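Please read them with the structure open.

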Amino acid sequence: MNIELRHLEYFRAVAEELNFGRAAERLFISQPGLSRQIKQMEEILEVQLFERTKRRVELTAAGHYLKSEVDYIFNHLELTKTQLKEISLGNIGELRIGFLGSAAHTVLPELLVKISQQFPGIQTTMEELSNTLQVEMLEKDKLDLGFVRLARVPEVLQMKMVHQDTFSVVLPLNHPLAESDFKHVGQLKEENFILFSHDYSSIYYDKIMSICEDRGFSPRITHKSVHALTIFKLVEAGLGVAIVPTSLRQGYDLKVKFIELDKIKQKTELYVVWKKGNRNPALGKVLGLI
């Protein structure tokens, strides 16, 4: 006997619910029937997928591995269904793009214009996501393309630098320090700092810390955020100063001023990332534009 798609559907329901009763209700089958199907699946595979006690159900190590593979299979099936619909409608396909906010001010608008001009049949779905979430979704085939600030990515992914940027200090408009008086970031060592969170981009966070450490101080960080607009609003309100990629000065109309740190060694790089072997035909076309 072979494993069938229904077995995988039953397994996924139990693996997500970790409760045979709830999984059976979700699948509209009886609980004894579901238990038999899972038992049959374990016999076919010759492994135990769940640890069962009277109080709870848990995945075994083999079960955890199978869950990740089943997630991939169903995600790929969904992508296949979407692409078939697009083909039947005469469209080329869909490209799912993840990006950091700063990419929206640099390479992403230019790329979207190129796609629209050269491949009008490719539809793009975009979502602003952290570095970590983009990598995770690329690995699971939930994204086709990502724009990240990372020094390295897992082996299953490929990366290419698409933009290098300087950093800039962001000050309230009425801050006494002007660009003509600015010599180095050490002049701000007594200020409160507002930064992008470490979880959003650890390499970016570490570079900002090193900018300050090169001038002999550790910044007093009072606020963190994953959104540039929030950071700028806090600076505008006089709650501190920030250091951000210079490209983020575009697209906001707030009472803040930027001083570019163009004499320091630290720069910030933006990389495009994709999964090796991704079979979405739209990806190959778009990679040719980058």
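1. Basis. This is a predicted model, in which local features need pLDDT of at least 70, side-chain atom pairs count only at pLDDT 80 or more, and totals for chains, interfaces and linings use all residues. Residues are numbered from 1 along each chain as its sequence is written, and side-chain values use heavy atoms, with hydrogens and water left out.

2. Five strands make an open sheet with mixed pairing, in the order β4-β3-β5-β12-β6. Its edge strands are β4 (122-128) and β6 (157-165), and each pairs on one side only. From one strand to the next, the twist averages 20 degrees. Helices (H or I, at least four residues) and strands (E, at least two) are DSSP runs, numbered from the N terminus. Two strands pair if DSSP finds at least two bridges between them.

3. Inside that sheet. Strands β3 (residues 93-99) and β5 (residues 145-148) run parallel and are joined by three bridges. F99 has F147 as its bridge partner in β5.

4. Helices on that sheet. Helix α5 (residues 107-118) packs on the sheet and touches β3, β4, β5, β6 and β12 (268-275). The direction of α5 makes about 165 degrees with that of β4. Helix α6 (residues 131-139) lies across β3, β5, β6 and β12, at about 160 degrees to β5. Contact means heavy atoms within 4.5 Å. Axes are lines fitted to C-alpha atoms, for helices over the stretch in contact, and angles run from 0 to 180 degrees between N-to-C directions.

5. The other sheet, β9 to β11. Here five strands form an open, mixed sheet in the order β9-β8-β10-β7-β11. Strands β9 (220-225) and β11 stand at the edges with a single partner strand each, so one side of each has no neighbour in the sheet. Neighbouring strands are turned by 30 degrees against each other on average, direction ignored. Helix α8 packs on this sheet, touching β7, β8, β9, β10 and β11. The direction of α8 makes about 170 degrees with that of β8.

6. Pairing around β7 and β10. β7 and β11 are antiparallel, over six bridges. β7 and β10 are also antiparallel, joined by four bridges. V169 stands opposite I259 in β11 and opposite I243 in β10. β8 and β10 pair in the parallel sense over two bridges, with I194 opposite A242 in β10.

7. Core. Which residues have the most contacts inside the largest nonpolar core? They are F232, I243 and V244, in a core of 36 residues. Such a core is a set of buried Ala, Val, Leu, Ile, Met, Phe, Trp, Tyr and Cys residues joined through side-chain atoms within 4.5 Å. Two or more residues come from each of β7 (167-172), β8 (192-196), α7 (202-213), α8 (228-236), β10 (241-245) and β11 (256-261). α7 gives the most, with six residues. Five of the five residues of β10 are buried. Buried means under 20% relative accessible area, exposed over 50%, and partly exposed in between (1.4 Å probe, protein chains only). Not counting residues up to four places away in sequence, V244 touches T166, F167, S168, V170, F196, Y204, F232 and F258.

8. Pocket. The largest pocket is lined by 15 residues, with F182, K183, L261, K263 and I264 nearest its centre. β11 supplies the largest share of the lining, three residues. A pocket is an open set of points on a 1 Å grid over the protein atoms alone, where a 1.4 Å probe fits, with protein on both sides within 12 Å along at least five of seven lines; lining residues have an atom within 4 Å of a point.

9. T60. This residue lies in the loop between β2 (57-59) and α4 (61-88). Is T60 buried or exposed? T60 is buried, with a relative accessible area of 12%. Beyond neighbours within four places in sequence, T60 contacts Q48, L49, F50 and E51.

10. Q31. This residue lies in helix α3 (residues 31-45). Q31 is partly exposed, at 43% relative accessible area. Leaving aside neighbours within four places in sequence, Q31 is in contact with F20, G21 and A24. Q31 and N19 are twelve residues apart in sequence and 9.9 Å apart in space, C-alpha to C-alpha.
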